[in-house]
Amino acid sequence: MQLTDQFNRKINYIRISVTDRCDFRCIYCMSEQMKFLPKKELLTLEEINRIASIFISMGVEKIRITGGEPLVRKNIDTLFNNLSKNKDLKELTLTTNASQLMKKAEMLKASGIERINISLDSLNPLNFKKMTRTGDLSNVLDGIEHAINIGLKQIKLNTVIMRGINDHEIFDLIEFAIKKNIDISFIEEMPLGDTAFSRKSTFTSNDEILKKIKTNYLINKIDYRTGGPAEYWQILGTKSRIGLISPHSHNFCEECNRVRISCKGELFLCLGQDDKIELMPLLREYPNNDQPIKDAILNSMKIKPKSHEFNLEQNKPAVVRFMSHTGG
Ligand code: SAM
Ligand code: SF4
């Protein structure tokens with residue numbers, strides 16, 4: 001079977017947030033004083049694996065594990081190991097801040113992780129600290145180096161550019177990607193969660209970033225897609241591509257192929273809307289019968305919204321939950 005929503009979009013991709021916790025507090029993602037969920041309100045790793053299997057039986061082929069910082073979840077290795085055994089899953093991917101990669105890269109390789117997105121917003125130790133509040137740049141760079149050295153393939157950088165904070169580092173970050181032969185994507189800042197400062201003043205559009213990049217690099221727009229909303233440009237004379245993920249300046253909702261599962265089992269139909277259904281009560285009421293959960297997922301397809309509605313002018317979050325809760 002193939003999950004299809006009310007607008008005839010095929011849903012073959014899920015993102016699962018395995019924890020709302022993180023060892024960083026990136027200024028565009030979290031507030032300084034975050035309250036995290038108590039453990040009993042989180043899906044167990046077994047429940048996450050069950051949800052994944054149910055979605056796979058409904059036509060999902062690709063799963064991205066995210067968070068919060070997925071690699072800080074206790075015993076996360078078990079989940080990767082179990083997911084990697086599901087033969088109908090075509091692609092298992094991860095988004096991470098790289099803080100744990102020195103310890104976890106081998107495990108990820110053994111689990112057949114295909115693609116890793118690593119968030120990196122600054123190459124300056126002080127600026128990195130300012131942006132992540134608690135992160136250590138050298139540890140992150142060591143983690144990236146280690147992942148490359150042990151042969152983890154398809155590592156890509158994800159960067160959020162904030163005006164007045166790291167917009168002067170665009171070329172340095174691109175040079176880093178070129179030197180490591182990896183791709184780099186720029187993600188426009190989204191108004192998710194109340195981070196206690198004005199996103200309107202820091203928002204930098206990808207149109208502006210592209211213009212700037214063109215002043216320094218020869219780039220060609222290419223057809224390359226990874227099943228997501230990024231549009232890609234090849235940097236001529238290098239192995240690196242630049243991806244632009246532009247939820248504000250280029251609405252990509254017509255091609256949306258995904259839903260998200262939060263760390264407490266909410267099935268969110270759109271990152272930028274509140275429409276959701278709760279899977280945790282069903283999982284716990286029917287431990288040995290997947291049908292009620294499948295029915296709920298099928299029904300949810302009728303309420304998947306046509307598009308997100310981000311509006312920076314309102315100067316308040318489009319949705320009040322943080323990206324770390326829903327899974328970025
Ligand atoms: N902790 C992991 C990491 O940072 O890669 C995974 C979770 S994080 C929420 C996933 C991605 O969301 C990161 O690339 C991060 O830069 C991005 N992100 C978080 N909050 C965002 C926001 N408000 N707007 C745009 N991107 C955001
Ligand atoms: Fe943590 Fe990732 Fe959010 Fe940064 S972007 S605070 S690393 S979840």
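Which residues of helix H10 (residues 291–300) are buried?

Modeller: This is a predicted model, where local features need pLDDT of at least 70, side-chain atom pairs count only at pLDDT 80 or more, and totals for chains, interfaces and linings use all residues. Residues are numbered from 1 along each chain as its sequence is written, chains are lettered from A and ligands numbered from 1 in written order, and side-chain values use heavy atoms, without hydrogens or water.

Now to H10. Its buried residues (under 20% relative accessible area; over 50% is exposed, in between partly exposed; 1.4 Å probe, protein chains only) are Pro292, Ile293, Ala296, Ile297 and Ser300. They lie on the same side of H10, because they cover an arc of only 140° around the axis. The arc is taken from the directions from the helix axis to the C-beta atoms. What covers this buried set? The cover includes helices H1 (45–57) and H9 (280–285). It also includes strands E11 (266–268) and E12 (276–278). Helices (H or I, at least four residues) and strands (E, at least two) are DSSP runs, numbered from the N terminus.

Next, helix H8 (residues 206–214). Asn206, Ile209, Leu210 and Ile213 are buried in H8. These four cover an arc of only 100° around the axis, so they sit on the same side of H8. The buried residues of H8 pack against helix H6 (170–179). They also pack against strands E6 (183–187), E7 (219–222), E8 (231–235) and E9 (241–245).

Now look at ligand 1. It is surrounded by 19 residues (a heavy atom within 4 Å). The closest are Tyr28, Gly68, Thr96, Ser119 and Met190. By class, this shell has 6 nonpolar, 9 polar and 4 charged residues. An oxygen atom of ligand 1 lies 2.9 Å from an N or O atom in the side chain of Tyr28. A nitrogen atom of ligand 1 is 3.2 Å from an N or O atom in the Glu69 side chain. With Met190, a polar backbone atom is 2.7 Å from a nitrogen atom of ligand 1. Taken alone, ligand 1 exposes 550 Å², and the protein buries 96% of that.

Finish with Arg9. Arg9 sits in the segment before strand E1 (13–17). Arg9 counts as buried because its relative accessibility is 6%. Beyond its neighbours within four places in sequence, Arg9 is in contact (heavy atoms within 4.5 Å) with several residues, including Leu3, Cys253, Glu254 and Lys304.

Note on methods. Polar contact = N/O pair within 3.5 Å; in protein donor to acceptor, adjacent residues only side chain to side chain. Areas by Shrake-Rupley, 256 points an atom, 1.4 Å probe, with all protein chains shown as cover. Nonpolar A, V, L, I, M, F, W, Y, C, P; charged D, E, K, R; others polar.
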